[in-house]
Amino acid sequence: MPTPSHLKNPLYFDFRAARRVPESHAWPGLHDHPVVDGGGAPGTPDAVPVVDLRDPGAAVVARVARAAEQWGAFLLTGHGVPAELLARVEDRIACMFALPAADKMRAVRGPGDACGYGSPPISSFFSKCMWSEGYTFSPAALRGDLRKLWPKAGDDYASFCDVMEEFHKEMRVLADKLLELFLRALGLTSEQVAAVEEERRIGETMTATMHLNWYPRCPDPRRALGLIAHTDSGFFTFVLQSLVPGLQLFRHGPDRWVAVPAVPGAFVVNVGDLFHILTNGRFHSVYHRAVVNRDLDRISLGYFLGPPPHAKVAPLREAVPPGRTPAYRAVTWPEYMGVRKKAFTTGASALKMVAAAESDDADAAVHQPLVLSS
Ligand SMILES: C=C1C[C@]23C[C@@]1(O)CC[C@H]2[C@@]12CCC[C@@](C)(C(=O)O1)[C@H]2[C@@H]3C(=O)O
Ligand SMILES: O=C(O)CCC(=O)C(=O)O
Ligand SMILES: [Fe+2]
């Protein structure tokens, strides 16, 4: 009898060969909270907020503020990234995930590596495995990274790199636009936004990381999980989900999972933990997860924006109410990842661990927003 393919490479779980969900991939507690549809009529309690950038400026700012304060996430439409480019991006991602296991394993993420192929970094905190594969890379340096997957270069390598570079160019511009909208949504005037940028260079220094997810179809989707519930750690993330839905946002009161509808051409924008800190908790990071499907593969792309590694992130002066001190202490992204690691192992909240001691002494308020040291 031939050896099943998933046993040939012990590091690689062959989802295609799986006829059932093994214990290693079966998650308890997946159905502790109900799942509700987030695609209802706009304004209904569970409808995921939509921000259409084609609407008048003041309406857009108000919608961003409401969504970031109440949900920590929204669907972004009218963003100007061509649908035709998004279709090519999805096509190239599917082509990458269809590479033979041996090719993908050549690019495997090493312990502590930011980039590479395999389960996302968060998976190391759990004993169960997720029903997905992922690939993380830096779009600013992708040609080198991608040679691990395509050592001989070739047409697929070239088209993947060309399309991702084109996408990155569009997204980086959109990220700057959204950052400005977020700052306006905090109540800053255009002049204050310009002054913040002059002083702190948040937009100028923001870095982008891309993480691609492949969720193979699953024989028993109720037992398996595509991506464990988490908050993104950076400033904000654009998620492109294919036409197969699977992203769910957690909402309190009553506790429930809201299934984000697959809206063609839309991005889901998630507020991350460092933005939660930057906005002094006014915009809150959103807890979310991805589920899998019995009949269909699903692909998603996360375009993560965050500060450069040496930049300290602390609440913006403008986000702290008069007479109060900032709610969080200054942290770099790597420091915050260290705190989050500790939080995972102890069951604590990483954001609470970087909360500053409460004080009403306005004179003691030392605001140290994004500080760039050389
Ligand atoms: C920029 C990043 C955010 C991320 C860690 C990473 O360095 C690259 C992968 C990202 C991702 C994607 C899946 C979920 C997540 C929690 C993870 O483990 O890897 C996020 C990370 C994050 O937001 O912290
Ligand atoms: O697959 C999705 O829709 C969500 C992906 C995600 O949350 C992530 O990559 O951080
Ligand atoms: Fe995420």
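Tutor: Start with Arg340. One of its polar side-chain atoms lies 2.7 Å from an oxygen atom of ligand 1. Keep in mind that this is a predicted model.

Now turn to Ser233. An N or O atom in its side chain is 2.6 Å from an oxygen atom of ligand 1. Pro121 takes part through its backbone: a backbone N or O atom of Pro121 lies 3.5 Å from an oxygen atom of ligand 1.

Next, the second largest pocket. Its volume is about 1,000 Å³. Its lining is made up of 37 residues. Nearest the centre of this pocket lie Ala229, His230, Thr231, Phe250 and Tyr287. Which elements build the lining? Two strands are on the list, strand 7 (227-230) and strand 9 (247-251), each with at least two residues. Helix 9 (273-278), helix 10 (333-346) and helix 11 (350-353) also supply at least two residues each. Helix 10 gives the most, with four residues. Sort the lining of the second largest pocket by class: 20 residues are nonpolar, eleven are polar and six are charged.

Move on to His211, in strand 6 (residues 207-215). Is His211 buried or exposed? His211 counts as buried, because its relative accessibility is 8% and the cut-off for buried is under 20%. Its side chain makes two polar contacts to look at. One is with the side chain of Thr136, at 2.7 Å. Another is with the side chain of Asn213, at 2.9 Å.

Finish with Arg172. Arg172 lies in helix 6 (residues 154-185). Its relative accessibility is 17%. That value is under the 20% cut-off, so Arg172 counts as buried. What does Arg172 touch, leaving aside its neighbours within four places in sequence? Arg172 is in contact with Gly203, Glu204, Met206 and Tyr303.

Definitions and conventions. Residues are numbered from 1 along each chain as its sequence is written. Chains are lettered from A and ligands numbered from 1 in the order in which they are written. This is a predicted model: local features need pLDDT of at least 70, side-chain atom pairs count only at pLDDT 80 or more; totals for chains, interfaces and linings use all residues. Side-chain values use heavy atoms; hydrogens and water are left out. Buried means under 20% relative accessible area, exposed over 50%, partly exposed in between (1.4 Å probe, protein chains only). Contact means heavy atoms within 4.5 Å. On a 1 Å grid over the protein atoms alone, a cavity is a set of points where a 1.4 Å probe fits but cannot get out, and a pocket is an open set with protein on both sides within 12 Å along at least five of seven lines; lining residues have an atom within 4 Å of a point. Grid points are joined across faces, edges and corners, and a volume is the space filled by probe spheres set on the points. Ala, Val, Leu, Ile, Met, Phe, Trp, Tyr, Cys and Pro count as nonpolar, Asp, Glu, Lys and Arg as charged, and the others, Gly among them, as polar. A polar contact is a pair of N or O atoms within 3.5 Å; within protein, one must be able to donate a hydrogen and the other to accept it, and residues adjacent in sequence count only if both atoms are side-chain atoms.
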